[in-house]
Amino acid sequence: MKALVYVGDATVRQLEVPAPRPGSGEVMVRVLQAGVCGTDMCVVRDERPKAEAPMTLGHEFVGLREDTGERVIVNPLLACGCCRACGEGRAHLCERRQVIGVHRDGGFAEAVAVPEGNLVPAGHATITQAAMADPIATALHAYRLGAAAIGSGPVAILGAGSIGLSLLFVLKRFGVKDVTVTDLSAERRAFADAGGADRTAEAIEGSFDVVFDSVGAVATRRDAALKVRPGGVAVLVGLHSADLAFPAGPLIGGERTVNGSFGYTPYEFREAVAMLPDLDTRWVHAVPFAQAEQMFTRLLEGSLPPGQIKLQMRMSA
Ligand SMILES: [Zn+2]
Ligand SMILES: [Zn+2]
């Protein structure tokens, strides 16, 4: 079968690979559509998370169960079920956490073997919406980590990329008012305006109850930490840089909290799936699989237009 494989040396290739063989408790899923995520870029650049080449990437995908024909969305987070985090219902923090498409072969392929417990029925979502479950669930989890600090003050989202716009969607679903979205790209700010942002700007100014950093650059993390009001929360979601740098004074003197956010609980994944039919996907671009290698390489080079925020590949046709 066809697959887009990370072959090491910062390279992905479209290759012919053997079809997977489902193990016990696993189901074959025929992939319909799969999204490319910043995490895939990190893997290929040999940053965190680490994958062992050769590896078929792709953790954001929707497909058909081979046994029943049902349309399903795959929760890519695999947990052991018996460590402390799993016992606390926080499977995303499992000591033995693995991600389908990072630690084992993923959705940039015609078929994937997936543990049955990780399948969620796609319901009324379109295929494009269905392949957005992972970013929406990621945004939902980040929102929850900041929600208690959201009062009458404004809230900011740094970056109008896939996670930033997903955060905006989630915040508006939960009725959060006065949301500012910042991005350097006017095209991306326009998507934030269309998504219901109360204000958009190139850079963050002011003081906020909560700031969500979806970019993950040293500068945006610093902005997030220093632009929350005393007692406020900065939620760091973006993974771009490995580093963190800001003065300790405002954190200590203002009792500001900096909270990392990763993934989602299995329950949040299901919650996100239920929200998908309302998601406006005008900023998602689906390309035929034949173009996937080229598009992925352009994404790595940073040469895709800024308006092409989320890229998905269609595995059929
Ligand atoms: Zn993702
Ligand atoms: Zn565990």
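## Backbone features

Pro-54 sits in the loop between helix 1 and strand 4 (55–56); helices (H or I, at least four residues) and strands (E, at least two) are DSSP runs, numbered from the N terminus. The peptide bond that joins Ala-53 to Pro-54 is cis, and its omega is near -5 degrees. The loop between strand 1 (2–8) and strand 2 (11–16) holds Asp-9. Asp-9 is not a glycine, yet its phi is positive, at about 55 degrees.

## Model and numbering

This is a predicted model, in which local features need pLDDT of at least 70 and side-chain atom pairs count only at pLDDT 80 or more, while totals for chains, interfaces and linings use all residues. Residues are numbered from 1 along each chain as its sequence is written, and chains are lettered from A and ligands numbered from 1 in the order in which they are written.

## Overall dimensions

The protein has ten helices and 18 strands. Its radius of gyration is 19 Å, close to the 20 Å given by the globule rule for 317 residues, so the protein is as compact as a globular protein of that length. The radius is taken over C-alpha atoms, and the rule is 2.2 Å times the number of residues to the power 0.38. The C-alpha trace spans about 55 × 45 × 40 Å along its principal axes.

## Domains

The domain assignment lists domain 1 (2–132 + 281–314) and domain 2 (135–260); such bounds come from an automatic or database domain assignment. The centres of domain 1 and domain 2, taken over C-alpha atoms, are 26 Å apart.

Eleven residues of domain 1 are in contact with eleven residues of domain 2, where contact requires C-beta atoms, placed from the backbone, to lie within 7 Å. On the side of domain 1 that touches domain 2, helix 1 (residues 38–44) gives the most, with three residues. That side has five nonpolar, three polar and three charged residues. Ala, Val, Leu, Ile, Met, Phe, Trp, Tyr, Cys and Pro count as nonpolar, Asp, Glu, Lys and Arg as charged, and the others, Gly among them, as polar.

## Packing of helix 4

The axes of helix 4 (residues 133–147) and helix 9 (residues 266–275) come within 8 Å and cross at roughly 115 degrees. Axes are lines fitted to C-alpha atoms, for helices over the stretch in contact, and angles run from 0 to 180 degrees between N-to-C directions. Residues in this contact include Ile-136 and Leu-140 of helix 4, and Phe-269 and Val-273 of helix 9. The contact of helix 4 with helix 9 comprises eight nonpolar, one polar and two charged residues.

Helix 4 and helix 5 (residues 162–173) also have axes that come within 8 Å, crossing at roughly 60 degrees. The two helices, helix 4 and helix 5, are therefore oblique to each other; angles under 35 degrees count as roughly parallel, over 145 as roughly antiparallel, 65 to 115 as roughly perpendicular and the rest as oblique. Among the residues that meet are Pro-135 and Tyr-143 in helix 4, and Ser-162 and Leu-171 in helix 5.

Terms used. Contact = placed C-beta atoms within 7 Å.
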